[in-house]
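This briefing covers a strand pairing and a set of charged side-chain contacts. The sequence and structure come first, followed by the points by topic.

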Number of protein chains: 2
Amino acid sequence: MTRLWNDSADFADEMIDGFVAANARYVRRVSGGVVRTTPAPAGRVAVVVGGGSGHYPAFGGLVGAGLADGAAMGNLFASPSTQQIHAVARAAHGGGGVLFSYGNYAGDVLNFDAAQERLRAEGIACETVAVTDDIASASADEIHRRRGIAGDLTVFRSAAGAASAGYDLADVARVARLANDRTRSFGVAFSGCTLPGAPAPLFSVAEGRMAIGLGIHGEPGIDEAEVPTADGLAELLVSRLLAERPDGADGRVVPILNGLGSLKHEEMFVVYRRIAQLLADAGLEVIDPHVGEYCTSFDMAGTSLTLFWLDDELAELWETPVDTPAYRRGSVAPEAAGRAAQPEDAGAADTATAIVPGDTDSQSVARVVVEVVDTVARTVDTHVDELGRMDAIAGDGDHGIGMQRGSHAARAAAHESAAAGAGAATTLARAADAWSDRAGGTSGALWGVILTSVASTLGDTGRPDAAGVAAGVAAATRGVMSYGKAELGDKTMVDALVPFSAQLTTAVAGGATLAEAWRSAASAASAAAAATAALLPRMGRARTHGQHSVGTPDPGAHSLALIVTAVGDVLTHHERTPS
Amino acid sequence: MTRLWNDSADFADEMIDGFVAANARYVRRVSGGVVRTTPAPAGRVAVVVGGGSGHYPAFGGLVGAGLADGAAMGNLFASPSTQQIHAVARAAHGGGGVLFSYGNYAGDVLNFDAAQERLRAEGIACETVAVTDDIASASADEIHRRRGIAGDLTVFRSAAGAASAGYDLADVARVARLANDRTRSFGVAFSGCTLPGAPAPLFSVAEGRMAIGLGIHGEPGIDEAEVPTADGLAELLVSRLLAERPDGADGRVVPILNGLGSLKHEEMFVVYRRIAQLLADAGLEVIDPHVGEYCTSFDMAGTSLTLFWLDDELAELWETPVDTPAYRRGSVAPEAAGRAAQPEDAGAADTATAIVPGDTDSQSVARVVVEVVDTVARTVDTHVDELGRMDAIAGDGDHGIGMQRGSHAARAAAHESAAAGAGAATTLARAADAWSDRAGGTSGALWGVILTSVASTLGDTGRPDAAGVAAGVAAATRGVMSYGKAELGDKTMVDALVPFSAQLTTAVAGGATLAEAWRSAASAASAAAAATAALLPRMGRARTHGQHSVGTPDPGAHSLALIVTAVGDVLTHHERTPS
């Protein structure tokens, strides 16, 4: 369990502060994460990694010579936001383009892809290789759906080795894909992890039992068994991985026995003793074995074995010296800074645009927007534990925390904008941007889309009519479906958003006031969310999590229903006592 | 808790096997532990460290260029045996003498000192600096009684830096003492640790509470408090250490925030964030901060802060590059092997002497010795959990495991010797040597002394008489008191051994047979042990542990009484049905 924090909402930020304070000779803080203190020579491809926090040394601990040039560091177990990734990549980029690599999770895919689009639009070449090493998370026929776990390290190192060797972006991406194709992992867990301030672990395993095929976000495994002996575990891990030996592998293999947080090095060495025997028995040539913590899952007790099957090129790149806060290999000569460090904060510059005041009517609407956003934040606060629990069943338990961080940031931004005289559109758009930036993850990105879409129909002059708002919600619905790639029936937020939008449009067209229409739409959303939520207790073990996982309900529909219901009350109050 | 092992009695050995398998480019296995694969140049002082296992990366993980030349690796939480330390030092020695350094615990002091005496007798110059950084373990007036915890690292590194710079042995020892004088640590724990196969943690802390001033063997702290915030903990640790700033410190300080096993890096970074602020506020210049695991206590959840106050010499030596399995600093160039690795196993050579057969009478007595040793091993097996529990109250819980390893090794050696035709003296002497080598710790060394002393009175020809055995036991008693530096009344094994020996001598002098005398002596030992054991539940929190700690009973008296009672039954049986 987690014991030490100040305010749990500040945990990830304060962790990054302390990490940077302890490792200033390696990394410097930028908006969204960290980049190398001594940047690579100009023109070299920048390798930018990232993901949620709670996986130390992934991802910030892997930034340095011979490994990542920058890491976008999200909140605990939540993808970094699009803004964070964009800002870190800007700071790390040295003219040679950016190779993004990260574990294959829905929120990360969504936000890294969006950041990549922004960077390409700005003229920076980007390629992406999401890591898919976890053989337990999908079948061999659906490798693209597999999660990334400790195999992140081999893909990151291969890409960085290629970048260090002066490969161009297309070639760095080719090497990263090759490394990913030749990396397989399988893991087990003996206990779940507990996020700071959370009342209980994300999942639990009975004493003496073990979950087989764990994820690294507290997702439960695909099977359960008695805890075997150390030798028995070694046999399980090796046999599962040898059964998925990649085509063309010549027998040179790097084994990585990764501790997930609370398993001791001593125990891992006892297990590795047998793994080494089994690999030798299988006629494999073991190169550079790793036993330690490379990608943790907070305080989860568990371990995974990764086998990285080298070929000549990968073997040569594996010799690249590495020197980062948490990982070193070979002998790194101090690297002359090839270009000046960029002290300006690429992310902060984007939001520094001055506010253009709205007219009096729109300023009045902006005050309603502030009240709506206040209500949203309060509603999330009330339900934060419940949302976290729902998410822990199907996913990684970060939904409540992410919604809280996002809605609080939105509230602050809305108050600030309205106080500066902004109209309704600007006030809500600023709130949208703050939400997605601070929340990160899938829900942060989607709520950013929703609020931005509605904002664009409010205007900064005059008062919007009910039909305009309904049109904004319809646009938001299309945006969420396009951005999150979920369809109606996938048991996501979309299942509540579609009936909400349809009922809002219909009721407004039928002559209802905005508040009346909104209330009837909120009822439709609640009914749909209840139908989705009712599936949760019957789910059993979820195999993957997040927006992309058809059949795995996430709590997004429930939080949407809670929020639109609360907002309906605010709108009703304002229709009865107009400002 | 510990989850992965095969046979818990093999845990430490298998851990070392796996550690060496994973780190063959750094270390090679020798009898008693590991030494560097690429030895330092001939003539350089060898720095040999060591201690019990369960503290990874201490001690084997710290062997490599710029740090230790060898590590004696004892059983879990038990000092390595004299034989182990001697063998590792022989293998590591390159002609420049040996600097021993280790944490200041009774069993380590006893065994390292004995190994040092043997080496000096063999013409190898040795010096020793025991680390005493833990300010919670004794007052500033009694610094020599303080324990060594994470401050081991600064003393080891300073000594190794001096050795790498070509300092002679006296100067390496001077630097190590200087570093120890300028190293202070203070720690807290949130949960105890559980040894492999143990039914419960060595101590427990109530949920939401924390033990202040912990040890690294599961010893409870000196005080207890609510778990504070991360910032509150930083303030506690820094304030305690600044109150013990060494005389003459100029303000340059290396902070080391050490995790004890189950505390997460993320939590430590949140704590370090505030530590960095507090050190800056105090006007100190922070150099090379460390946040990580450097000396753990198995799976204990807790942390300690070490401050290492540099002067010019220590600051310069601190720049020495280091490259070991678990710890690296700076840029280490591949070091040319200055002398050939020594493949022969220095320890094994010592015991390879051929057995000279005893005469028929003595071979007959040897069979009784075998039966006695069998009985001892069986008695220890029966009571192993009870002995561990008793030791957990006052010490580190390793007594049962150590007695078990020792008595099993003695049994195997006795059988082997007797089968080879050895007489009684040789059979028991071989058993004694095997016991102390395999058990390690304080009790292993003392049982080695007891059995060796008795063996020397048995002879390899003829049958010993009762007076001879009583004289052997008296010699054993003197040996234990001299070796272990404990007096009657210190609540140790001596409290039972002295009355046992006195009664045996008296009864034999009064005409009793050996078996009769032994039984009455065993009664006296049991009564004395019961008096000692009765103190245990009233002890409260022990401040230190082991043989040297006057006022802290250890279970040695109890195990002695159990053993002599069981042996009395064997002797009685043989008097009634002589072989």
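A:Asp69 is buried, because its relative accessibility of 8% falls under the 20% limit. The model is a predicted one. A:Asp69 forms a salt bridge with A:Arg36, at 3.7 Å from N to O, and that contact leads the list below.

**Buried pair in chain A**

- A:Arg36, the partner of A:Asp69 in the salt bridge, is also buried, with a relative accessible area of 5%.
- A:Arg36 belongs to strand S2 of chain A, while A:Asp69 sits in the loop between strand S3 (46-53) and strand S4 (70-76) of that chain, so the contact ties together parts 33 residues apart in sequence.

**Hairpin in chain A**

- Strand S2 of chain A, which holds A:Arg36, covers residues 33-36 and runs antiparallel to strand S1 of chain A, residues 27-30.
- The two strands are joined by 4 bridges.
- A:Val30 is placed opposite A:Gly33 of S2(A).
- S1(A) and S2(A) make up a hairpin with 2 residues between them.
- In the turn, A:Gly32 has a positive phi of about 95 degrees.

- B:Glu122 and B:Arg90 form a salt bridge in which the closest N and O atoms are 2.9 Å apart.
- B:Glu122 lies in the loop between helix H3 (106-121) and strand S6 (126-131) of chain B, and B:Arg90 lies in helix H2 (residues 82-92) of chain B, so this pair links parts 32 residues apart in sequence.
- B:Glu122 is partly exposed at 37% relative accessibility.
- B:Arg90 is partly exposed as well, with a relative accessible area of 34%.

- The side chains of B:Asp250 and B:Arg252 meet in a salt bridge at 2.7 Å, N to O.
- B:Asp250 counts as partly exposed at 45% relative accessibility, whereas B:Arg252 counts as buried at 17%.

**Network and total**

- A:Glu14, A:Asp17, A:Arg29, B:Asp231 and B:Arg273 are joined into one network by salt bridges that share partners.
- Over all chains, the count of salt bridges comes to 49.
- Oppositely charged side chains can pair when their charged atoms come close.

Key: Residues are numbered from 1 along each chain as its sequence is written. Chains are lettered from A and ligands numbered from 1 in the order in which they are written. This is a predicted model: local features need pLDDT of at least 70, side-chain atom pairs count only at pLDDT 80 or more; totals for chains, interfaces and linings use all residues. Side-chain values use heavy atoms; hydrogens and water are left out. Two strands pair if DSSP finds at least two bridges between them. A salt bridge is a side-chain nitrogen of Lys or Arg within 4 Å of a carboxyl oxygen of Asp or Glu. Buried means under 20% relative accessible area, exposed over 50%, partly exposed in between (1.4 Å probe, protein chains only).
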